[in-house]
Amino acid sequence: MEMANQTIVTDFVLLGLSAHPKLEKTFFVLILAMYLVTLLGNAVLLLVTIFDPHLHTPMYFFLGNLSFLDICYTTSSVPLILDSFLTPRKTISFSGCAIQMFLSFAMGATECVLLGMMAFDRYVAICNPLRYPVVMSKAAYVPMAVSSWAAGGVNSLVQISLAMRLPFCGDNAINHFTCEILAVLKLACADISINVLSMGVANVIFLGAPVLFISSSYVFILGTILRIPSAEGRKKAFSTCSAHLTVVTIFYGTILFMYGKPKSKDPLGADKQDLADKLMSLFYGVLTPTLNPIIYSLRNKDVKAAVRNLISQKCFPQ
């Protein structure tokens with residue numbers, strides 16, 4: 001009877017920075033600039049991995065997948081965030097919220113698995129270079145990438161299906177920029193223990209397992225590099241995996257910082273922390289995809305040469 005008297009939610013209100021209107025215009029410009037850099041950088045990296053024959057190797061194939069993933073990940077949320085900065089009361093339909101959550105969740109889980117696949121590629125290249133062409137043949141690395149996307153998609157479908165089957169009644173204000181799954185679950189007027197358990201298992205599979213696998217891979221990689229007699233050889237070997245290691249450190253380091261820091265018990269401190277958490281989540285969703293193409297092209301002669309060739313072919317055709 002009590003449930004019958006409550007209003008069933010048909011849409012959600014995204015609070016974003018509505019409590020801090022002075023920050024909205026500043027962050028609109030900042031996030032828009034980062035989004036455009038993300039699209040440009042990752043699009044260029046994706047194009048060179050497709051059109052330059054010298055980059056048709058497993059490492060650059062995975063890198064192309066990562067660039068495409070970063071474009072999809074940011075596009076699934078950033079336009080919504082930018083719109084929320086300009087709209088006094090930003091609402092999103094129930095189905096729109098489900099789609100946005102599915103895309104963001106799928107891209108995040110896929111990136112976790114893909115970074116693990118890239119670590120395996122570097123492990124084989126450095127620790128077993130003679131077997132590299134056999135182990136990382138096209139028949140191996142294409143299914144590896146496909147399985148990353150499939151695993152992320154299936155996991156997202158399970159989590160979002162469980163979340164959207166819950167009854168939502170009464171409060172429909174999401175204290176976030178987007179339909180972030182934890183913020184949405186707080187609005188459910190039913191027991192969410194199954195959701196919490198399911199997400200816990202998913203975190204072990206998609207966060208814990210890849211971190212363990214990547215860490216183990218780099219222990220062996222480091223051991224192999226240290227056994228190389230010449231300093232030049234060690235430097236060359238390390239340079240082939242330094243970009244991936246940097247991206248992994250930023251990606252997982254930000255996640256650990258976001259969810260591992262202690263919560264404030266003081267109400268005033270809690271409000272400030274709530275704002276800080278939202279901004280950290282915002283920058284995590286935009287900054288990492290912005291940095292990825294910069295990190296991978298900064299010290300990579302092959303990528304730099306491919307970009308120059310692409311620009312010269314498109315801008316100065318002979």
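**Figure 1. Valine 211 in helix α8 of the predicted model.** Helix α8 covers residues 193–226 and contains valine 211. The model shown here and in the other views is a predicted one. Valine 211 has a relative accessible area of 34%, so this residue is classed as partly exposed. Leucine 86 lies 125 residues from valine 211 in sequence, and the C-alpha atoms of the pair are 38 Å apart in space.

**Figure 2. The largest cavity and the residues that line it.** The structure holds 1 cavity of 30 Å³ or more. The space in the largest cavity amounts to about 50 Å³. Its lining is made up of Tyr73, Met107, Gly108, Glu111, Phe251, Tyr284, Thr288 and Pro289. Which helices each supply at least two residues of this lining? They are α4, residues 94–127, and α10, residues 267–298. Sorted by class, the lining residues are 5 nonpolar, 2 polar and 1 charged.

**Figure 3. Salt bridge between aspartate 83 and lysine 90.** The search of the whole structure finds 2 salt bridges, and the one between aspartate 83 and lysine 90 has its closest N and O atoms 2.6 Å apart. Are the two partners buried or partly exposed? Aspartate 83 has a relative accessibility of 31% and therefore counts as partly exposed. Lysine 90 counts as buried because its relative accessibility is 14%, and the cut-off for buried is under 20%.

**Figure 4. Salt bridge between arginine 122 and aspartate 121.** In this view the salt bridge joins arginine 122 to aspartate 121. The closest N and O atoms of the pair are 2.9 Å apart. Both arginine 122 and aspartate 121 are buried.

**Figure 5. Crossing of helices α4 and α6.** Two packed helices are described by the angle between their axes and the distance between the axes. For α4 and α6, the latter spanning residues 138–164, the axes come within 7 Å and the crossing angle is roughly 145°. The crossing of α4 and α6 is right-handed. The contact of α4 with α6 contains 17 nonpolar and 8 polar residues, with no charged residues.

**Figure 6. Leucine 39 in helix α1.** Leucine 39 has its place in helix α1, which runs over residues 21–51. With a relative accessible area of 26%, leucine 39 is partly exposed. Isoleucine 71 is 32 residues away from leucine 39 along the chain, and 6.0 Å separates their C-alpha atoms.

**Figure 7. Threonine 290 in helix α10.** Threonine 290 is placed in helix α10, one of the helices that each supply at least two residues to the lining of the largest cavity. Is threonine 290 buried or exposed? Threonine 290 counts as buried because its relative accessibility is 8%. From threonine 290 to leucine 222 the separation is 68 residues in sequence and 28 Å in space, C-alpha to C-alpha.

**Figure 8. Lysine 304 in helix α11.** Helix α11, residues 301–315, contains lysine 304. The relative accessible area of lysine 304 is 35%, so the residue is partly exposed. Lysine 304 and phenylalanine 62 are 242 residues apart in sequence, with a C-alpha to C-alpha distance of 17 Å.

Technical notes. Residues numbered from 1 in each chain as written. Predicted model: local features only at pLDDT ≥ 70, side-chain atom pairs only at ≥ 80, totals over all residues. Heavy atoms only, no water. 1 Å grid on protein atoms, 1.4 Å probe; cavity = no way out; pocket = protein on both sides within 12 Å on 5 of 7 lines; lining within 4 Å. Points joined across faces, edges and corners; volume = space filled by probe spheres on them. Helix = DSSP H or I, 4+ residues; strand = E, 2+ residues; numbered from the N terminus. Nonpolar A, V, L, I, M, F, W, Y, C, P; charged D, E, K, R; others polar. Salt bridge = Lys/Arg side-chain N within 4 Å of Asp/Glu carboxyl O. Buried < 20%, exposed > 50% of the residue type's maximum accessible area, 1.4 Å probe, protein only. Axes fitted to C-alpha atoms, helices over the stretch in contact; angles between N-to-C directions. Left-handed = near helix turned anticlockwise from the far one by under 90°.
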